Amino acid sequence: RFTYILLLEFCKSDHTMNLTRRGSEYVGDLLGVNFNQDCSSVAVGTRSGYKLYQFSSVERLDKLHEMMGEDACIVERLFSSSLVVVVGLSHPHKLRVYHFKKGTEICNYSYLTKILNVKLNRQRLIVVLEDSLCIHTIKDMKVIHTITETPPNPAGICGFSMSAERSYLAYPGSSQVGEVQIFDTVNLQSVTMIQAHDGRLAALAFTDDGTKLATASSKGTVIRVFQSSDGSKLFEFRRGVKRYVEINCLAFSPDGVYLCASSNTETVHIFKLELQKEKHDEESQGWMGYFSKALATPASYLPSQVTDVFTQGRSFAMAHLQKPGQRNICAIVLMQRIPRLVVVTADAFVHIYNINPVEGGQCVLIKQHNLLKMDEEESDPAADVECQASGLAGTGPAKLTSVEEPPREEQVDKTSSAGVEKQPYLLNRDDSNDDDDDRPPDQFSSLDQQ
C-alpha cells in the first residue's frame, strides 16, 4: 500500500467514497465521489464545491450541475431529481439539503457529532453518526426515529435499500465480529439480525429490490449474500485465498444477478448469483464437477476449511486496475441498455469496462474520464484518455431480469426513538419538485414539472 493512502479512510458502504476520514491532510482536490441510487449519475465533492455528472454514454459524461464556493466531502443526489444533500469538510456536523435547479437551500440540520455517511431513497434520509443513526422522512425532512447506542462505527458502514417496498437499513451490530442488524425504516422496527462473519464488517450492499444483502468482512476473502427478510444465507463467494485485502465497495447489478466487489488490490471481481442446480449442470462434465461431487459426500478426513474453499463460488468475471492500492468504488451501470462495469478511483478517474454477460472472463477497459478535468474533455475531445474497445460481438444489449416484490412481513420493534440536536427548517413542498426524473418520488409525483 502506498504511503499516502494511510491518510485516507474509506467510507465502506455501497457506492460511496469519502477521502476525508483521518487527520487533517488530504491528497489533491478530490474529497469524495459517489453514485446516486440507480447509478445513473455520479457526484464529485472537492475542496471548492461539488459537481454532478450523468452517464449519457461510454464516450461522455454530461455535467448536470456545478456548485462552487464551499468544500463538499459527502454529496448525495436523490435518484435523478433536483434534491441533493451535502456535508462539507469545514462543517462536518452540518447537513444541508438543496434544490439545485432552483439554487435554493431547502433546510439544514446540525448534529452533536460528525456526519460519517448519508443515504437516501424515495421515502427516507439516513444520517450515520459514529454511535447512532438518524432517520428522516423525505417528505418534510423531520427526524422520525433515531437508532441509539449502536457499536462504534467510525467508518460509517451501512447499507440502504432503494426499494419503496423494503426500505431496509443494514448496519453493524458489533465492532468486533461481523454482526449485521437490518431495520425497516418505514415501519420503524427491527427485521432480523445476521451473524455474517467472524471478523468485523467492512462493506454492505442491498439489491435494488431490497430482498438480498451482500456482506464482506475486514479479511476480505469471503463475500456472502443473505436473504434480507430472515437472514438465511443464499450464496458464498471466495474473492481470494492467499492474502487478506480491504474491501472498498460491494454493488449489485440492477437485476440483482451480478455482484461486483472492489478492494485495495488491482482486481475488481464480478460474481454471478446462480442456483446450485445451474452451476452443477455447467460443471458436471468436467473434473471440477467430479471434485464437487466428492466433496458433497461426507468426508470427515477433510478439514471444514478445505471443503469451504472448494464449495464457495468463484468470480464470473474480473477487471484489472492500472494503479493498484487506490481507494475506489464500483458499480454495474446500464449505458444505452448495455451493462458496463464502472470503477472510480481516488485519483478522480472513471474507468469503464465491457462485461460479457454470457461468457464472463476478463473485462476490457474501453474508456477513461478524469472527473477533475471534465471541462477540458468537453472542450477538447482529444484530452480524453481512450482505450481500445473489444465489444460484445453478436451478443447485443443484455437483458436484465426484473424481480417482483413480495409483501413485507410483520416484525417486532427493538430500538428506541430520539432526536438530533436541532431542526431549524422543514422541507417546503414547493421546493421538493422532482423535475428531472421519469421515475419521481411518490410524494413528488403530483407536483408540476419545470
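Q: How do the residues of the lining of the second largest cavity divide into nonpolar, polar and charged?
A: In this predicted model, the lining comprises 6 nonpolar, 4 polar and 1 charged residues.

Q: Which residues line that cavity?
A: The lining consists of Thr16, Met17, Gly32, Val33, Asn34, Val44, Gly45, Cys73, Ile74, Val75 and Glu76. Two or more residues each come from strand S1 (16-18), strand S2 (30-35), strand S3 (41-46) and strand S6 (74-77).

Q: How much space lies in it?
A: The second largest cavity holds about 60 Å³. The structure has 5 cavities of 30 Å³ or more.

Q: Changing topic: how many aromatic pairs are there?
A: There are 4 aromatic pairs. One of them joins Phe237 and Phe271, which are stacked at 4.8 Å centre to centre with 25 degrees between the planes.

Q: Why does that pair tie together separate parts?
A: Phe237 belongs to strand S21 (residues 233-238) and Phe271 to strand S24 (residues 267-272), so the pair ties together parts 34 residues apart in sequence.

Q: Are Phe237 and Phe271 buried or exposed?
A: Both Phe237 and Phe271 are buried. Together with Phe235, they form one aromatic cluster.

Q: And why is the pair of Tyr258 and Phe316 classed as it is?
A: The pair is tilted because the ring centres of Tyr258 and Phe316 are 5.6 Å apart and their planes stand at 45 degrees. Tyr258 is buried, with a relative accessible area of 12%, and Phe316 is buried at 18%.

Q: Where does Arg122 lie?
A: Arg122 lies over the face of Phe79, 3.6 Å from the ring centre.

How values were computed. Residues are numbered from 1 along each chain as its sequence is written. This is a predicted model: local features need pLDDT of at least 70, side-chain atom pairs count only at pLDDT 80 or more; totals for chains, interfaces and linings use all residues. Side-chain values use heavy atoms; hydrogens and water are left out. On a 1 Å grid over the protein atoms alone, a cavity is a set of points where a 1.4 Å probe fits but cannot get out, and a pocket is an open set with protein on both sides within 12 Å along at least five of seven lines; lining residues have an atom within 4 Å of a point. Grid points are joined across faces, edges and corners, and a volume is the space filled by probe spheres set on the points. Helices (H or I, at least four residues) and strands (E, at least two) are DSSP runs, numbered from the N terminus. Ala, Val, Leu, Ile, Met, Phe, Trp, Tyr, Cys and Pro count as nonpolar, Asp, Glu, Lys and Arg as charged, and the others, Gly among them, as polar. Rings of Phe, Tyr and Trp (its six-membered ring) pair if their centres lie within 6.5 Å; planes under 30 degrees apart count as stacked, over 60 as edge-to-face and the rest as tilted. Buried means under 20% relative accessible area, exposed over 50%, partly exposed in between (1.4 Å probe, protein chains only). A charge sits over a ring if NZ of Lys or CZ of Arg is within 6 Å of the ring centre and within 35 degrees of the ring normal.
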